[in-house]
Amino acid sequence: MNLAIGEKAQGATAGEQSSPRQGGPKDLRGREAQGARKPRWNRWKIENIRLATQIFGVVLGNGILFGLPLFGTSNVLRHIYLPNASTKFFLNAPTYATFYKVQDTVYSGWNSMYIDLLLPMLIFVVLTIILGRVWCAWLCPLGLPQDLLTRLRRRLGIRHLEIAPHHADFIHSLKYLGVFVIVFYTFALGAPAFNLKAMWNALPVPYEQFDPNRAMYVYAQMAVGILPASTYVPTMSVLITILYFGTAFAARRFWCHICPQGAMMAPLNHLAFVKLRKDPAKCTHCRICYRVCPMEILKVYEERDTREVTSDKCVHCYHCVDSCPEEGCLSVEFLGRKVLASKYRCQCDERGVGR
């Protein structure tokens with residue numbers, strides 16, 4: 001895998017140079033002095049809010065692990081599948097991720113002609129159109145461990161692996177192939193015409209074997225005595241979980257590039273009520289938005305004319321908004337109303353942000 005360290009380093013150099021929009025050296029020194037007086041906590045305000053939301057989501061979705069044994073026993077909630085929610089292997093989880101319902105229904109719903117899938121998919125489409133892929137960065141149970149490992153790596157001073165844009169696009173496309181393989185195989189497994197009954201035990205529904213949530217949270221429940229030590233965890237799930245932790249530490253949000261649930265949400269990201277906007281007139285092309293983006297998205301940096309810069313790969317973490325040094329250059333809008341916007345700060349203070 002080629003790395004783009006040199007390319008992004010050039011962006012850092014470009015970001016430190018003044019531009020016509022920034023004014024002359026004298027004006028730049030004054031603005032840098034003004035930016036230096038800003039409190040350090042303000043730099044990570046959005047990230048800290050997001051971390052609190054992620055922790056709340058994990059506690060809400062996996063309450064029994066935190067001493068809430070009766071939480072999540074509602075049969076009504078259990079059948080309201082969310083775009084990204086708890087794993088189906090977590091005892092008393094209030095709801096599950098949509099992808100489990102998709103897989104389970106195409107596996108067993110042949111006789112009902114998949115009618116059972118209509119309501120969960122409708123809920124999925126509505127929720128994704130309302131919030132886009134906000135679910136990925138703010139509530140996904142696989143997102144929090146990735147972000148915590150990124151914080152740990154930063155604390156240790158270890159540089160992350162930077163994926164070249166063309167490699168990032170290729171890896172991103174793999175999740176669509178994964179969705180096709182999983183759904184088609186599961187459909188074939190459940191359809192009598194394919195006569196694959198022999199495969200039911202040899203290779204059952206695949207997503208449950210590859211989901212790192214399964215091993216991660218089953219072993220967590222075993223550790224605190226919620227599940228017996230004899231609970232079966234597929235070897236493949238264990239290996240995938242090890243791979244998940246390794247890649248999450250080495251590269252930012254690597255799993256989000258290949259997540260099949262993210263693939264289901266990606267086409268609706270452009271239609272969502274939540275939008276990432278850019279004011280091209282305020283952009284100094286410092287490249288900071290690209291350097292801090294965990295999904296290696298170039299669109300925000302490259303766009304020179306259009307205000308709409310939401311990408312299908314964007315998980316709405318808003319690192320770019322948090323780190324953009326130009327006042328109001330990047331913003332987040334919901335139904336046309338601005339809810340977040342970048343604040344001016346000295347670009348020289350942004351070196352190393354988002355590592």
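In the predicted model, Arg 214 lies over the face of Phe 89, at 4.0 Å from the ring centre, where a charge is taken to sit over a ring if NZ of Lys or CZ of Arg is within 6 Å of the ring centre and within 35 degrees of the ring normal. A further arrangement of this kind involves Arg 304, which is placed over the face of Tyr 301 at 5.1 Å from the ring centre. Because the model is predicted, local features need pLDDT of at least 70 and side-chain atom pairs count only at pLDDT 80 or more, whereas totals for chains, interfaces and linings use all residues. Residues are numbered from 1 along each chain as its sequence is written, and side-chain values use heavy atoms, with hydrogens and water left out.

The protein chain contains 18 helices and 3 strands, assigned as DSSP runs numbered from the N terminus (helices H or I, at least four residues; strands E, at least two). Of its 355 residues, 53% count as buried, a term used for a relative accessible area under 20%, with exposed meaning over 50% and partly exposed in between (1.4 Å probe, protein chains only). Among contacts in the chain with a separation of 6 or more, 71% are accounted for by residues 24 or more positions apart, contact meaning heavy atoms within 4.5 Å.

Helix 5 (residues 98–108) has 8 of its 11 residues buried, so it is largely enclosed by the rest of the structure. Its buried residues, which include Phe 99, Tyr 100, Lys 101 and Gln 103, pack against helix 6 (118–131), helix 9 (165–190), helix 11, helix 12 (212–223) and helix 15 (260–265). In the loop between helix 4 (75–78) and helix 5 lies Tyr 81, which is buried, with a relative accessible area of 10%. Residues touched by Tyr 81, not counting those up to four places away in sequence, include Thr 98, Lys 101, Pro 120 and Ile 123. Tyr 81 and Phe 124 are 43 residues apart in sequence, yet their C-alpha atoms are 7.2 Å apart in space.

Helix 11 (residues 207–210) contains Gln 209, a buried residue with a relative accessible area of 12%. With residues up to four places away in sequence left out, Gln 209 touches Pro 204, Arg 214, Pro 234, Met 236 and Ser 237.

Across the whole structure, 13 aromatic pairs are found, rings of Phe, Tyr and Trp (its six-membered ring) being paired if their centres lie within 6.5 Å, with planes under 30 degrees apart counted as stacked, over 60 as edge-to-face and the rest as tilted. The rings of Tyr 244 and Phe 245, with centres 5.2 Å apart and planes at 65 degrees, therefore form an edge-to-face pair. Tyr 244 is buried at 0% relative accessibility, whereas Phe 245 is partly exposed at 34%. One aromatic cluster is formed by Tyr 114, Phe 180, Phe 184, Phe 187 and Phe 194.

The model also holds 5 cavities of 30 Å³ or more, a cavity being a set of points, on a 1 Å grid over the protein atoms alone, where a 1.4 Å probe fits but cannot get out, with lining residues having an atom within 4 Å of a point. The largest cavity has a volume of about 140 Å³, the volume being the space filled by probe spheres set on the points, which are joined across faces, edges and corners. Its lining comprises 15 residues, of which Leu 276, Cys 293, Ile 297, Cys 314 and Cys 320 lie nearest the centre. This lining divides into 13 nonpolar, 2 polar and no charged residues, where Ala, Val, Leu, Ile, Met, Phe, Trp, Tyr, Cys and Pro count as nonpolar, Asp, Glu, Lys and Arg as charged, and the others, Gly among them, as polar.

Definitions and conventions
On a 1 Å grid over the protein atoms alone, a cavity is a set of points where a 1.4 Å probe fits but cannot get out, and a pocket is an open set with protein on both sides within 12 Å along at least five of seven lines; lining residues have an atom within 4 Å of a point.
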